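Biologist: Could you walk me through this model before I start on my own calculations? Please spell out the cut-offs as you go.

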Amino acid sequence: SYALALEYAGAGQTPKAIEMLETIIGNDENYLAAYYQLGRLYEEAGKLDKARQSLSKGILIAQKQGNSKILSELRSALENL
C-alpha cells in the first residue's frame with residue numbers, strides 16, 4: 001500500500017519503497033501522489049532520468065484530473081532536479 005511504501009522510504013529502504021510505488025502505479029496509473037514520492041525516491045537514489053519520467057507522467061495525470069495543487073508540487077519538484 002501507499003502508506004507502507006512511505007514507511008519503507010522513511011526507514012531508508014529506498015529500493016523496497018520504489019518497488020512498492022511502481023506496483024501501485026502499475027495497478028492504478030491515476031494514483032497521483034505516488035508519482036511525486038516515486039520521483040523523490042529516484043532522485044535520492046541518483047536515478048535522475050527515472051525521477052524526471054515519474055514526475056513528468058504525474059504532471060500529465062494531474063493536468064487530466066485538474067488537480068492544481070499536486071500539479072504545482074510535481075512541477076516544482078521537476079524544476080528542482
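Modeller: Let me start with a definition: a contact, or touch, means heavy atoms within 4.5 Å. This is a predicted model, in which local features need pLDDT of at least 70 and side-chain atom pairs count only at pLDDT 80 or more, while totals for chains, interfaces and linings use all residues. Residues are numbered from 1 along each chain as its sequence is written, and side-chain values use heavy atoms, with hydrogens and water left out.

Biologist: Ok, which residues does Thr 14 touch, leaving aside those up to four places away in sequence?

Modeller: With those neighbours set aside, Thr 14 touches Tyr 8, Leu 41, Glu 44 and Ala 45.

Biologist: And is Thr 14 buried or exposed?

Modeller: Thr 14 has a relative accessible area of 15% and is therefore buried, where buried means under 20%, exposed over 50% and partly exposed in between, using a 1.4 Å probe and protein chains only. Thr 14 lies in helix α2, which covers residues 14-27; helices here are DSSP runs of H or I with at least four residues, strands are E runs of at least two, and both are numbered from the N terminus.

Biologist: What about helix α1, which residues are buried there?

Modeller: In α1, residues 2-10, the buried ones are Tyr 2, Ala 5 and Ala 9. They cover an arc of only 60° around the axis, which puts them on the same side of α1, the arc being that of the directions from the helix axis to the C-beta atoms. An α-helix has 3.6 residues a turn, so residues three or four places apart point the same way.

Biologist: Which ones are exposed on the other side of α1?

Modeller: Ala 3, Glu 7 and Gly 10 are exposed there, whereas the buried residues of α1 pack against α2 and α3, the latter being residues 32-44. Just after α1, Gly 12 takes a positive phi of about 80°.

Biologist: Changing topic, how many helices and strands does the protein have?

Modeller: The protein has 5 helices and 0 strands, giving the pattern α-α-α-α-α along the sequence. Its radius of gyration is 12 Å, close to the 12 Å from the globule rule for 81 residues, so the protein is as compact as a globular protein of that length; the radius is taken over C-alpha atoms, and the rule is 2.2 Å times the number of residues to the power 0.38.

Biologist: What percentage of the residues count as buried?

Modeller: Of the 81 residues, 36% count as buried.
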